[in-house]
Amino acid sequence: MVAWSNPLIAWGLMYFGAMRFHTSGEARLQPLSFRVKKKDVAAFAGKGALDARLDRIDEHRPIDRVFVMGCGRSGTWLLTGLMSTFKDTCVVAKEVPVELFAQLTTTGRTLVLKRNNVSFERLSQIPARIKIAYAIRHPFDVLTSHNPTSTHVYHIDVARWLGEMSALRAALNDGRQNFCIVRYEDLATDAAGVQKKLADELGLEVGTPASELASVFKPSGKAESAMHGLRGIDTRSLNKYRSDPNRIAYLKSIRPQLGETLDWVATRFSYDTALP
């Protein structure tokens with residue numbers, strides 16, 4: 001008998017192990033260990049280790065898993081919130097490594113985790129059984145976006161953006177399966193359409209209208225701050241750089257560093273990258 005099938009242990013893990021997480025959705029989180037901090041799951045980063053662990057977990061009761069990814073300031077928190085609108089789903093509103101799937105399950109059908117800032121470095125090694133919802137946003141909005149929790153004027157530097165885009169490009173070239181890409185611009189202007197796209201491509205069932213996202217998503221204070229507050233989707237966040245001379249000047253100064261990667265992103269995702 002595995003430990004989490006013991007009712008007493010399962011009760012203890014649920015009421016003590018889950019206390020350090022903010023969760024949303026119909027389903028509850030079911031920790032499989034008291035040791036669920038990021039440092040405690042490093043052992044599952046080895047080749048094949050996470051997949052083997054998920055095999056063992058799913059012998060007890062199989063679930064679906066979705067990992068929300070995307071470069072910082074690309075709408076990953078908003079996309080995470082949208083995942084809370086699906087039925088029988090548990091969303092962990094915390095930035096974590098993909099290996100945390102090794103220590104968590106859910107009472108529902110689907111468990112959703114959100115990537116941390118170095119997860120893109122592991123994208124090619126994420127088991128294919130883990131579905132990925134990936135947020136993409138106009139590069140110039142990403143590179144000139146401010147995060148209230150950051151001490152920097154612009155939160156994402158050139159190196160981070162280039163690394164994220166290189167990992168995304170490699171995943172697409174490799175034909176990664178269960179990989180749903182969502183443009184932030186579409187999410188901001190047609191959330192219901194994006195919700196349907198996620199449902200169709202990731203095998204989810206809508207439970208709450210996308211327009212009511214704020215009523216079901218329960219982020220931490222830090223996450224809410226990063227989103228500039230939990231509110232309705234705001235289209236004023238689109239193309240903000242265009243009306244700011246300082247942002248345009250900054251973009252002109254870094255554009256040579258973006259090189260061919262910028263051209264690829266612009267072509268692949270239909271972004272206008274001309275600067276005045």
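Me: What distance separates the end C-alpha atoms of helix H5 (residues 158–173), and what span should its 16 residues have?
Reply: This is a predicted model, in which local features need pLDDT of at least 70 and side-chain atom pairs count only at pLDDT 80 or more, whereas totals for chains, interfaces and linings use all residues. Residues are numbered from 1 along each chain as its sequence is written, and side-chain values use heavy atoms, with hydrogens and water left out. The expected span of a helix is 1.5 Å times one less than its number of residues, a helix being a DSSP run of H or I with at least four residues and a strand a run of E with at least two, both numbered from the N terminus. For the 16 residues of H5 this should give 22 Å, and the distance between the end C-alpha atoms agrees with it, at 22 Å.

Me: Which residues of H5 are buried, and which elements are among those that cover them?
Reply: A residue counts as buried under 20% relative accessible area, as exposed over 50% and as partly exposed in between, with a 1.4 Å probe and protein chains only. In H5 the buried residues are Val158, Arg160, Trp161, Gly163, Glu164, Met165, Ala167, Leu168 and Ala171. Taking contact to mean heavy atoms within 4.5 Å, the cover over these residues includes strands S3 (64–70), S6 (110–115), S7 (131–136) and S8 (179–183), together with helices H4 (139–143) and H10 (245–269).

Me: At what angle do H5 and H10 pack, and how many residues of their contact are nonpolar, polar and charged?
Reply: Axes are lines fitted to C-alpha atoms, for helices over the stretch in contact, and angles run from 0 to 180 degrees between N-to-C directions; the axes of H5 and H10 are 11 Å apart and the packing angle is about 35 degrees. The contact brings Val158, Trp161, Leu162, Met165, Leu168, Arg169 and Leu172 of H5 to H10 residues that include Ile254, Leu258, Leu262, Val265 and Phe269.

Me: Are H3 and H7 roughly parallel or roughly perpendicular to each other, and is their crossing left-handed or right-handed?
Reply: Helix H3 (residues 76–83) packs on helix H7 (residues 191–202) at an angle of about 70 degrees, and their axes are 11 Å apart. Angles under 35 degrees count as roughly parallel, over 145 as roughly antiparallel, 65 to 115 as roughly perpendicular and the rest as oblique, so H3 and H7 are roughly perpendicular. A crossing is left-handed if the near helix is turned anticlockwise from the far one by less than a right angle, and right-handed if clockwise; the crossing of H3 and H7 is right-handed.

Me: Which residues of H7 meet H3?
Reply: On the H3 side, the contact uses Leu79, Leu82 and Met83. The residues of this contact divide into six nonpolar, one polar and no charged. Their partners in H7 are Ala191, Val194, Gln195 and Leu198.

Me: Which residues does Gly75 touch, not counting residues up to four places away in sequence?
Reply: Gly75 is found in the loop between S3 and H3, where it is buried, with a relative accessible area of 13%. Its C-alpha atom is separated by 9.1 Å from that of Ala188, 113 residues apart along the chain. With residues up to four places away in sequence left out, Gly75 touches Ala135, Tyr184 and Leu187.

Me: What phi does Asp88 have, and where does the residue lie?
Reply: Most residues other than glycine have a negative phi. Asp88 lies in the loop between H3 and S4 and is partly exposed, with a relative accessible area of 35%. Although it is not a glycine, Asp88 has a positive phi of about 55 degrees.

Note on methods:
Ala, Val, Leu, Ile, Met, Phe, Trp, Tyr, Cys and Pro count as nonpolar, Asp, Glu, Lys and Arg as charged, and the others, Gly among them, as polar.
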